[in-house]
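Hi,

Here is the structure I promised to pass on.

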Amino acid sequence: MRAFAYARAATPSDAIGADGRLIAGGTNLLDLMKLEIETPDRLIDVNHIGLDEIAPDGDGNGDGLRIGAMVRNADLAADDRVRRDWPLLSRALLAGASGQIRNRATTGGNLMQRTRCPYFYDLAAACNKRDPGTGCDALAGRNRNHAILGASDHCIATYPGDMAVALAALDAVVEIEGAAGTRRVPVAAFHRLPGDTPQRDTVLEPGELIRAVTLPAPTGGRQVYRKVRDRRSYAFALVSVAADVTVADGAITRAALALGGVAHRPWRDPDADALLVGRAPDGAAFAAVADAILRGARGHGDNDFKIPLARRTLIAALAEATGTDVRTAA
Amino acid sequence: MPAPTDHPITLTVNGTVETLVLADPRVSLLDALRQRLGLTGTKKGCDHGQCGACTVIVNGRRINSCLSLAVMHDGDAITTIEGLGAPGALAPLQAAFLHHDGFQCGYCTPGQIMSATAMLEELRAGWPSVVSDDLTAPALSDDEIRERMSGNLCRCAAYPNIVAAIRAVADAAAPAEDAA
Ligand SMILES: Cc1cc2nc3c(=O)[nH]c(=O)nc-3n(C[C@H](O)[C@H](O)[C@H](O)COP(=O)(O)OP(=O)(O)OC[C@H]3O[C@@H](n4cnc5c(N)ncnc54)[C@H](O)[C@@H]3O)c2cc1C
Ligand code: SF4
Ligand code: FES
Ligand code: FES
């Protein structure tokens, strides 16, 4: 690990515009610092700035939730309101990492976690994300865990997290504070596509602090999180699907789907979701929306399997959310 | 490179107040416990949060001590395997691991036992896991134990006996009226 200076922030304003890298749970940053993939000169410890409350939120009725950036993943997953009204969020958090890591990992840090591309972790490899302009060894390399949607010739990495996939489907918003004030960015637009600047994972600007994530009131739909991985626990997603689907009188009235493990950000496609509205929940409807979401999907060799896997996982999640038996369908 | 500054920190380790001066903030909580305080019961497996051998309990919660800087724990209360029990006065989980042969080489064992200690508290507090059918009322099962202990790997694959040991302690602690 490279040498660095350490300072403790006492308040959020100490952390805004501070000269240095914020450290929250440290479960991603320290891992990367040990490997010298991240080499900050200065760490600002935000573990004592507060922002660790979960409170009612929302215009007037308070049916939403405001989650402080320093709320630990374990506390968020176990919060009674989250378990009752946003079970998708609980399940996505609990599907990630381990009990030990969730006790440390924070809401802000989880959003900001970096890719698990093996070449990003290998200092001897070419990687535009780690070292802009050097190339991308994943393109013609081992790319089993890489993107099938929204990738570029510069980077095919995925955002690896689970929590943000659930938050994207739930239309959550990230509250960001910088020197210029506060701004709100939907979780679905918080992570960027790689384009020709894959070194930038998110729209967060230097010096900005994530203060909170806000959840709008629950939609009343059935919420499902399905994560497919190489081992049953303590592994990142190959593909995951978050679904929030409402059915009334035999027809779907609203659907929100998000995919994880397939792109540089949690993948949402509201136009495709809209194809479900007004249709009876059946295998044909689910296949149609899955095909629409995956119409631009492209594999890179090792990860070709993710396209049919994503299709099946979408169909399975929709079946679970609507209580439909699709075993005989396409 | 930043000039080194001394960071004095105070940790309460197994009930004893310890003051350390860290000349370099790079030291992990794990290395501080093992190298500075001589508490070598806590093990280093991967040093990257992937194996759980370094699990300790900080302010009541299990964490990976390898993925935390000692300097971030100024003021915290830490329990290591040395603080759980002692020869002749073993904690229930320590005794159960012996009784059920919950180890072979023993390298992962301190981490397993620290993790299980805190995990049973989490279960008692009603925390759900991803295998809980009902998120609001998780019930103890071997599947729950396996999932909740997935952050602790065992290269010797003593898993069945580890689950049996934890199960025995959980069942013994469960109040009889509570069938759920
Ligand atoms: C073995 C292992 C397995 C894992 N498995 C999974 C998994 O299956 N699913 C999953 O989703 N995750 C998984 N993770 C990742 C884990 O969820 C993240 O490491 C964790 O959520 C990061 O949170 P943190 O608070 O520790 O962040 P830190 O490591 O402290 O910080 C990460 C980044 O966020 C920035 N940051 C932190 N807080 C703020 C803030 N308030 N404002 C602005 N920037 C901020 C930091 O500057 C840093 O760049 C795993 C991790 C490990 C080690
Ligand atoms: S996919 Fe992205 S992160 Fe991986 S090597 Fe290529 S540029 Fe780097
Ligand atoms: S040594 Fe800390 S998790 Fe492996
Ligand atoms: S007993 Fe050998 S690693 Fe678990």
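The largest cavity has a volume of about 120 Å³. By cavity I mean a set of points, on a 1 Å grid over the protein atoms alone, where a 1.4 Å probe fits but cannot get out; lining residues have an atom within 4 Å of a point. Grid points are joined across faces, edges and corners, and a volume is the space filled by probe spheres set on the points.

Before going on: this is a predicted model, where local features need pLDDT of at least 70, side-chain atom pairs count only at pLDDT 80 or more, and totals for chains, interfaces and linings use all residues. Residues are numbered from 1 along each chain as its sequence is written, chains are lettered from A and ligands numbered from 1 in the order in which they are written, and side-chain values use heavy atoms, with hydrogens and water left out.

Back to that largest cavity: its lining includes A:Arg102, A:Asn103, B:Trp127 and B:Arg148. Helix H6 (99-104) of chain A gives the largest share of this lining, three residues. (Helices are DSSP runs of H or I with at least four residues, strands are runs of E with at least two, and both are numbered from the N terminus.)

The second largest cavity comes to about 80 Å³. It has 16 lining residues, and those nearest its centre are A:Cys117, A:Cys127, A:Cys136, A:Ala138 and A:Cys155.

**A pocket**

A pocket is an open set of grid points with protein on both sides within 12 Å along at least five of seven lines. The second largest pocket has a volume of about 740 Å³. Of its 29 lining residues, A:Arg229, A:Arg232, B:Val130, B:Val131 and B:Glu147 are closest to the centre. Strand S9 (222-228) of chain A gives the most to this lining, with seven residues.

**A sheet in chain A**

Five strands of chain A form an open sheet in the order S4-S5-S8-S6-S7, with antiparallel pairing; two strands pair if DSSP finds at least two bridges between them. Strands S4 (54-57) and S7 (181-186) of chain A are at the edges with a single partner strand each, so one side of each has no neighbour in the sheet. Strand S6 (residues 173-178) of chain A runs antiparallel to S7(A), and six bridges join them. Look for A:Glu177, which stands opposite A:Thr182 in S7(A).

Cheers
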